[in-house]
Amino acid sequence: MIRIEKDAWDRMVAHARSAYPDECCGAMLGAIDNSHKTVKVAVELENAYQGERGNRYELRPEDLLRADREARRQGLDLIGIFHSHPDADAYFSATDLKNSCPWYSFVVLSVKGGEFDHAACYLPNADQTAADSEELVYPN
Amino acid sequence: MAKVLIPTPLRQYSDKLDSVELSGATVGEVLGELTGRYDELRRHLYSDEGKLRSFVNVYVNDEDIRYLQREATPLTDKDTVSIVPSIAGGAHGD
């Protein structure tokens with residue numbers, strides 16, 4: 001189960017709305033207590049995909065490295081990645097799966113007509129062939 | 001001894017340590033030392049063919065080893081090795 005605190009969630013939704021109609025992406029920092037994850041800080045990262053960003057995103061590893069350092073500096077852990085699906089549901093697409101990493105929780109935010117619609121979270125496997133759903137709790 | 005920073009989700013395989021000091025003259029030697037000490041880490045970092053998994057990037061300080069000498073990149077005691085995944089995606093592809 002992954003729970004996102006209000007400040008972090010507000011940043012994620014604001015980032016998704018401001019990036020619309022492009023996809024946004026970012027890192028989620030927080031803590032893990034057994035299987036319970038809590039996201040305390042959301043970090044907006046640039047969508048570095050070279051091409052049509054309305055249905056694709058790419059994180060620069062250097063940006064992720066900086067996010068990890070920031071997490072360590074704050075005594076937090078990098079525990080997940082978020083991105084948006086403009087005018088599409090919050091499914092984990094074939095593209096998401098193929099370019100994922102099994103180490104992190106992946107939150108997908110559906111943004112329709114520029115407004116947040118719904119979200120879901122996934123845990124991809126090591127071979128990038130399947131992703132389980134992870135229970136996601138976020139503020140209304 | 002170079003310092004290797006362990007990504008959060010992999011710490012369950014490194015006795016919960018967030019970093020490990022390891023001896024080795026190159027990145028390859030240090031990663032070999034790491035996966036020798038923590039066997040479970042090997043399958044997360046390396047494919048069955050023994051190559052670093054496609055989504056695994058290794059940095060020495062701020063430099064991607066692909067732009068240095070890859071796993072032959074030399075290390076000093078002051079170097080920090082980071083393991084950073086490649087991540088992308090998007091709604092395209094259903």
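In chain A, eight strands form an open sheet of mixed pairing, in the order β8-β7-β6-β5-β2-β3-β1-β9; strands are DSSP runs of E with at least two residues, helices are runs of H or I with at least four, and both are numbered from the N terminus. Two strands count as paired if DSSP finds at least two bridges between them. The model is a predicted one, in which local features need pLDDT of at least 70 and side-chain atom pairs count only at pLDDT 80 or more, while totals for chains, interfaces and linings use all residues. Residues are numbered from 1 along each chain as its sequence is written, and chains are lettered from A and ligands numbered from 1 in the order in which they are written.

The edges of the sheet are β8 (131-134) and β9 (136-137) of chain A, each of which pairs on one side only. Further in, β2 (residues 25-33) and β3 (residues 36-45) of chain A run antiparallel and are joined by nine bridges. Here Asp33(A) stands opposite His36(A) of β3(A). Helix α1 (residues 6-19) of chain A packs on this sheet, where it touches β1 (2-4), β2, β3, β5 (77-86), β6 (105-112) and β7 (115-124) of chain A. Contact here requires C-beta atoms, placed from the backbone, to lie within 7 Å. The direction of α1 makes about 40 degrees with that of β3(A), with axes fitted to C-alpha atoms, for helices over the stretch in contact, and angles running from 0 to 180 degrees between N-to-C directions.

Taken as a whole, chain A has three helices and nine strands, which follow one another as β-α-β-β-β-α-β-α-β-β-β-β. Its radius of gyration, 14 Å, is close to the 14 Å that the globule rule gives for 140 residues, so chain A is as compact as a globular protein of that length; the radius is taken over C-alpha atoms, and the rule is 2.2 Å times the number of residues to the power 0.38. Among contacts in chain A with a separation of 6 or more, 61% link residues 24 or more positions apart.

Turning to the partner chain, the contact takes 28 residues from chain A and 21 residues from chain B. On the chain B side, β3 (56-60), β5 (80-85) and β6 (87-89) each supply at least two residues. Strand β4 (residues 57-59) of chain A runs antiparallel to β6(B), with three bridges joining them, and Tyr57(A) stands opposite Gly89(B) in β6(B).

Notes: Two residues are in contact if their C-beta atoms, placed from the backbone, lie within 7 Å.
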